[in-house]
Amino acid sequence: MPDNATSRVPLLKKIAYAMPAFFLAVVGIPIYVYIPKFYTDVVGVNIALLGSILFSVRIFDAVTDPALGYLSDRTQTRVGRRRPYIAVGSVFVALTMFMLFNPPRVSASLETAWFAGCIYALFLCWTAVVVPYESLGPEITFDYNERTSLFGMRDGFLIAGTLAAASSPAVVQWLFGLAGDADGERAKFFWIAVIYAPLLIGSCWWCVLVIKELPPRNRSRTTGIWRGLRQIGRNRPFVILLIAYTVSAIGNNLPATLILYYVEYVLQSKFADAFLLLYFVTGILFLPGWIIIARRTGKKVAWLASMAINTGAFIGVFFLGPGDAVIYGVLVFLSGIGFGATLAIPSAIQADVIDYDELLTGERREGQYIGLWSIAKKFAAAVGVGAGLSILGLVGYTPNVEQSEQVQLTLRTLYALVPSLCNIIAFFIALAYPISSNIHKEIREAISQRQKGRPVTNPLNPAQSLT
């Protein structure tokens, strides 16, 4: 492997790699928090239908994500296998985002069709960028602790970008003096798209220019996609990680989708944006501490601790009601302490299980693993948006009026109890994850010996000899 893959990563290189995550975050919070409410309450799309569209696009992603990962693993160009997708795809992400944020004033059926077409196009283009982009990370360094630092910075930028995206509607409204009516809402999303589109393209191109890829001898060329997926299914550490992360992510995405509804209709407060900012700022501030903890205790222990803190504080949100905004703010802060680590540490762990796959198969298949990981993230978000909004529609949610007791109880349950239960289940699944710092070191050494043609023993199964 090249020397720069095992040494410490320079700060500028880390920043160049992390920067696209900041601007790609605009496809996160606006899509799952602001866009649904914008399309239901301003544009006029039926809430249950919108939820169904958002859920269906995740089924579409179940095909495109692993397919793009497989293609990027096997793409061969003079500038690499990942970077062409990032450079070209970023332009189309910006274009489709602009279209989604600026729906035409037409009939309800055409507005629904516009939303469906734009959201499908956006997520296809987003996949074409994000899967190759995230696949670059495990190649940049193979050091166990340096990966935690690298992915901590990337996901720290993601959280910061999410924070910026979350505050963008309020900032744009204040900056341009926009009214709070339907026209003001449309103008708000127009300017968000105008601001973010060139920055997203520029950050992706900077990453492409700075980050170099592994040489051709490290590229996978033999295993077909279906056989490759079966091999991935036999990677026990990855299966444990993927299931635990997916269950936890479902729990984390429900509150992200429902916070605007919960704060307005349960707490009867107008400060949802402030609570989002508090949550993300807390996550950013405490993330460096979690990186230090992960170095000292190992990634698994740090991940488990972050889930416990994140969940333990959030259970109390179920019992709140009108006038409890201050108590809610305290619980949001406590829950936010573990937020950053629940994102960054699983990403660093994922890079380690990809190394284990290389030991078993002799191939570097970051794209296929990231493709499956991307499905998990999008599926979790789809459950948050699709199930959350669809259930609200079924129990009688009506925009811009006082909600019934049944709707409020449903909101509290979906917003607090279901996410907490998901994280508790994920915690116990993650207890079975087997790769520690010492075992990862043995995996890297075994890979090196196997590349030299020497037989080695599987560190996770000493009875298995690999030749």
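Helix α15 (residues 405-430) has 26 residues, which should span 38 Å at 1.5 Å a residue, and its end C-alpha atoms lie 37 Å apart, in agreement. The expected span of a helix is taken as 1.5 Å times one less than its number of residues. Helices (H or I, at least four residues) are DSSP runs, numbered from the N terminus. Within α15 a kink of about 35° is centred on threonine 413; the bend at a residue is the angle between axes fitted to the seven residues ending there and the seven starting there.

The model is predicted: local features require pLDDT of at least 70, side-chain atom pairs count only at pLDDT 80 or more, and totals for chains, interfaces and linings use all residues. Residues are numbered from 1 along each chain as its sequence is written, and side-chain values use heavy atoms, with hydrogens and water left out.

**Helix geometry**

| Helix | Number of residues | Expected span | C-alpha end-to-end distance |
|---|---|---|---|
| α7 (residues 182-210) | 29 residues | 42 Å | 43 Å |

Helix α7 has a kink of about 25° at tyrosine 196, shortly before proline 198. Isoleucine 195 also belongs to α7. Its relative accessible area is 37%, so isoleucine 195 is partly exposed; buried means under 20% relative accessible area, exposed over 50%, and partly exposed in between (1.4 Å probe, protein chains only). The C-alpha atom of isoleucine 195 is separated by 9.8 Å from that of valine 172, 23 residues apart along the chain.

In α11 the buried residues are Lys299, Ala302, Trp303, Leu304, Ser306, Met307, Asn310, Thr311, Ala313 and Phe314. These residues pack against α6 (144-175), α9, α10, α12 (325-336), α13 (339-361) and α15.

**Nonpolar cores**

A nonpolar core is a set of buried Ala, Val, Leu, Ile, Met, Phe, Trp, Tyr and Cys residues joined through side-chain atoms within 4.5 Å. The largest one contains 92 residues, and Ile31, Phe101 and Tyr328 have the most contacts inside it. Helix α5 (residues 108-140) supplies the largest share of this core, 12 residues. A second, separate core has 41 residues, including Ile240, Trp290, Ile337 and Ile345.

Contact means heavy atoms within 4.5 Å. With neighbours within four places in sequence set aside, phenylalanine 101 is in contact with Val26, Pro30, Ile31, Ile35, Phe38, Phe189, Phe190, Ile192 and Ala193.

**Individual buried and partly exposed sites**

Threonine 282 is located in helix α10 (residues 272-297). Because its relative accessible area is 3%, threonine 282 is buried. Not counting residues up to four places away in sequence, threonine 282 touches Phe333, Gly336 and Ile337. The C-alpha atoms of threonine 282 and glycine 336 are separated by 5.3 Å, although the two are 54 residues apart along the chain.

Asparagine 235 occupies the loop between α8 (225-233) and α9 (236-265). This asparagine 235 counts as buried because its relative accessibility is 0%. Beyond residues up to four places away in sequence, asparagine 235 touches Val353, Tyr356, Asp357 and Tyr369.

Glutamine 268 lies in the loop between α9 and α10. Its phi is positive, about 55°, although glutamine 268 is not a glycine. At 48% relative accessibility, glutamine 268 counts as partly exposed.

**Cysteines**

The structure holds zero disulfides, a disulfide being a pair of cysteine sulfur atoms within 2.5 Å. Cysteine 204 is in no disulfide, and the nearest cysteine sulfur, that of cysteine 207, is 7.1 Å away. The 7.1 Å between the sulfur of cysteine 207 and the closest cysteine sulfur, in cysteine 204, is too far for a bond. Cysteine 204 is buried at 0% relative accessibility, and cysteine 207 is buried at 1%.

**Model confidence**

The predictor's confidence in each residue, pLDDT, runs from 0 to 100. The protein averages a pLDDT of 87, and 96% of the residues score at least 70. Among its elements, helix α4 (residues 83-101) has the highest mean pLDDT (95) and α8 the lowest (75). Over residues 1-5 pLDDT stays under 50, and for these residues the model has 14 contacts beyond four places in sequence. Where pLDDT is low, the predicted coordinates should not be read in detail.

Terms used:
Helices (H or I, at least four residues) and strands (E, at least two) are DSSP runs, numbered from the N terminus.
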